[in-house]
Amino acid sequence: MMLKDKVAVVTGAARGIGLATATLFAENGAKVVIADINGHGALETARRLADEGRDAIAFHVDVSDEAAVQAMVDGAVDAYGRIDVLVNNAGVSINQLFLDTVLEDWRKVLDVNLTGAFLVAQRCARVMARQGSGRIINICSLSGQRGGVGRAAYGAAKAGLELLTKVMAVELAEKGINVNGIAPGPIDTEMARVIHTQATREAYLRIIPQHRYGAMDEIAKGAVFLASGMADYVNGHILNIDGGMLTAGLMYAFDQPPSKSF
Ligand SMILES: NC(=O)c1ccc[n+]([C@@H]2O[C@H](COP(=O)([O-])OP(=O)(O)OC[C@H]3O[C@@H](n4cnc5c(N)ncnc54)[C@H](O)[C@@H]3O)[C@@H](O)[C@H]2O)c1
């Protein structure tokens, strides 16, 4: 019970990494606020957790809509009196080559992944600042750290979110708020199943030192750690959970060992 009685907002928790995180938070004693643009899915998640004896409520919210975000934060405070943790997880992804990136798609990806994360974090942080304590965990991406093909909009948004994480960590520390990020590598979610072709999947399996996709609950475990008392002195850190993918610098393919002679 690492999060007993903590109130945690998890955005994008109707499915995928957000759902896994909300579930593990609830299993660790947190009261969970499920916030998703998929209102039906958010309600389903909250109902399922309640059926298992957990404390959870749901909000239908588009994180890029300022009024809806404020209403969700007010609703969470009305229900539970405080907000201890935010997991800024809601995201959308597209794969478009830079030369083909359409302005409408660029705006949508930036709106949800960066502006949405900013809005939810700012409104939750105002509550946390009044309390004098809080934890914010931004779900970033390896795509924000490496120049992946097709990742112009998504990578730019996630790189922006990493920098935002660092600025928030510095500015909010004196208010008792720790801000960190998690940068997942390829995780086996519905999003990944849709955007990763067979060829992409095979290339990832070759390049990732652990030779597998991550599981959703492996991201959730990192979020529980960062939200818990185990991470009191962790601030402004980006925790890569990627099977070693960022670290790997491919010198030779494994099926092509370097020659012993020059
Ligand atoms: N799956 C991966 O391999 C991977 C890798 C790196 C980073 N990530 C990041 O992890 C997070 C979760 O990814 P996932 O794979 O679980 O995705 P997913 O598509 O399975 O789930 C995303 C959730 O966010 C919700 N959402 C989308 N737009 C929203 C909006 N405007 N307002 C509120 N909710 C919204 C969706 O309804 C959905 O429930 C995202 O931020 C994603 O960028 C995923």
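Ala, Val, Leu, Ile, Met, Phe, Trp, Tyr, Cys and Pro are counted as nonpolar, Asp, Glu, Lys and Arg as charged, and the others, Gly among them, as polar. The model is predicted, so local features need pLDDT of at least 70 and side-chain atom pairs count only at pLDDT 80 or more, whereas totals for chains, interfaces and linings use all residues. Residues are numbered from 1 along each chain as its sequence is written, and side-chain values use heavy atoms, with hydrogens and water left out.

**View 1. The shell around the ligand.** The ligand is surrounded by 27 residues (a residue is near if one of its heavy atoms lies within 4 Å). Arg-15, Asp-36, Asn-89, Tyr-154 and Thr-189 are the closest. By class, the shell divides into 15 nonpolar, 8 polar and 4 charged residues.

View 2. A polar contact is a pair of N or O atoms within 3.5 Å. A polar side-chain atom of Thr-189 lies 2.7 Å from a ligand oxygen atom. Backbone atoms also take part: a polar one of Ile-17 is 2.8 Å from an oxygen atom of the ligand, and a backbone N or O atom of Asn-89 lies 2.8 Å from a ligand oxygen. On its own the ligand has 830 Å² of accessible area, of which the protein covers 94% (Shrake-Rupley method, 1.4 Å probe). Helix H1 (16-27) and helix H5 (152-172) are the elements that give two or more residues to the shell (helices are DSSP runs of H or I, at least four residues, and strands are runs of E, at least two).

**View 3. Thr-21 in helix H1.** Thr-21 is placed in helix H1 and counts as buried at 2% relative accessibility (buried means under 20% relative accessible area, with a 1.4 Å probe and protein chains only). Not counting residues up to four places away in sequence, Thr-21 touches Val-10, Val-87, Ala-220 and Ala-223 (contact means heavy atoms within 4.5 Å).

View 4. Asn-28 is in the loop between H1 and strand S2 (31-36). Asn-28 is buried, its relative accessible area being 13%. Beyond neighbours within four places in sequence, Asn-28 contacts Met-1, Met-2, Leu-3, Lys-4 and Val-224.

**View 5. The largest nonpolar core.** A nonpolar core is a set of buried Ala, Val, Leu, Ile, Met, Phe, Trp, Tyr and Cys residues joined through side-chain atoms within 4.5 Å. Of the 30 residues in the largest one, Phe-25, Val-32, Ile-34, Val-85, Val-87, Ile-137 and Ile-182 touch the most other members. Elements giving two or more residues to this core include strand S4 (85-88) and helix H8 (216-227).

Key:
A polar contact is a pair of N or O atoms within 3.5 Å; within protein, one must be able to donate a hydrogen and the other to accept it, and residues adjacent in sequence count only if both atoms are side-chain atoms. Buried means under 20% relative accessible area, exposed over 50%, partly exposed in between (1.4 Å probe, protein chains only).
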